[in-house]
Amino acid sequence: MPLVTLKDVLQPALRDGYAVAGLVTLGWEDMRAYVAAAEAEGCPVILQAGPGCRAHTPLPVLGKMFRHLAEAAAVPVVAHLDHGYTVDECKEALDSGFTSLMFDGSRLPLADNIAQTAAIAEMSHGAGISCEGEIGFVGYADGESSAGTDPTEAAQFARETGVDAMAISVGNVHLQQDKDGGLDEPRIRAIEAATDVPLVIHGGSGVPVAQRKALARGSSICKFNIGTELRMAFGDALRTAVNADPARFDRVQILKETHDPLVAKTREVLRAFR
């Protein structure tokens, strides 16, 4: 089926009490596996091109890859720009066929974040696609520290930007490899009370699975971004394939052996949000 927008998949999730996975892609192998997993589970999927992916593959190429997969898929697929930092980058993604733009102004002062995100949302909606913004800063494991989302600022941000989804900072951290932490549920409830915009958790790999399940069913969090744990699964499968025959050098044959393990792990991730 053709690509759909972020709003197309998040509004039903908000209404019916489930979440959709935003899966961080790095290349063809994981994109293909993610769609295969979503088809096996019968659920929509959001394919995300973040800064690392875009540094490796140009946006126009990524747009064609996402569109090719979506058109052959039996489930809805969203082509999502993750962490776009400039108007030009967001415009290039729009022109490349993406159906959702995430503008990240979370490092900016509130007024600047609102103004720039509102401009991206207006551009997105004018083209018939969706926009995600971020209020509060989600930090990085062994890197920049987080700045939690203020519920009052979140309400203002949602109201003045017109975003279709709002990423929040509530104890989540990018690139976290373990699940020893957890999200600040009182802060989530305060944000929910202040706005009815679908909420997004970046750094979802670090959220305990039981909490993912509970929040997917019982909160306004409609999208969890998952990257690190699937990259770890891909890396494990790749090491196994390489070490199985050290004399082998055909990368296509080697990479084929990452598909089934990655599909299996992705299906496990997707089931938590149903």
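Visitor: Is the crossing of H2 and H12 left-handed or right-handed?
Guide: Bear in mind that this is a predicted model, where local features need pLDDT of at least 70, side-chain atom pairs count only at pLDDT 80 or more, and totals for chains, interfaces and linings use all residues. Residues are numbered from 1 along each chain as its sequence is written, and side-chain values use heavy atoms, with hydrogens and water left out. A crossing is left-handed if the near helix is turned anticlockwise from the far one by less than a right angle, and right-handed if clockwise. For H2 and H12, the crossing is right-handed.

Visitor: At what angle do H2 and H12 pack?
Guide: Helices here are DSSP runs (H or I, at least four residues; strands are E, at least two), numbered from the N terminus. Axes are lines fitted to C-alpha atoms, for helices over the stretch in contact, with angles from 0 to 180 degrees between N-to-C directions. The axes of H2 (residues 28–41) and H12 (residues 259–271) lie 8 Å apart, and the angle is about 50°.

Visitor: What does that make H2 relative to H12?
Guide: Under 35 degrees counts as roughly parallel, over 145 as roughly antiparallel, 65 to 115 as roughly perpendicular, and the rest as oblique. So H2 sits relative to H12 as oblique.

Visitor: How many of the residues in the contact of H2 with H12 are nonpolar?
Guide: Contact means heavy atoms within 4.5 Å, and it includes Ala33 and Tyr34 of H2 and Leu262 and Val263 of H12. Ala, Val, Leu, Ile, Met, Phe, Trp, Tyr, Cys and Pro count as nonpolar, Asp, Glu, Lys and Arg as charged, and the others, Gly among them, as polar. Six are charged and two polar, while the nonpolar ones number nine.

Visitor: What kind of pair do phenylalanine 66 and phenylalanine 98 form?
Guide: Rings of Phe, Tyr and Trp (its six-membered ring) pair if their centres lie within 6.5 Å, with planes under 30 degrees apart counted as stacked, over 60 as edge-to-face and the rest as tilted. Here the residues are 32 apart in the chain, phenylalanine 66 in helix H4 and phenylalanine 98 in the loop between H5 and E4. The centres are 5.5 Å apart and the planes at 65°, so the pair is edge-to-face.

Visitor: Is phenylalanine 66 buried or exposed?
Guide: Buried means under 20% relative accessible area, exposed over 50%, and partly exposed in between (1.4 Å probe, protein chains only). At 0%, phenylalanine 66 is buried.

Visitor: Which residue other than glycine has a positive phi near 55°?
Guide: Look in strand E3 (residues 77–84), where histidine 83 has its place. At 4% relative accessibility, that histidine counts as buried. The residue with this phi is histidine 83.
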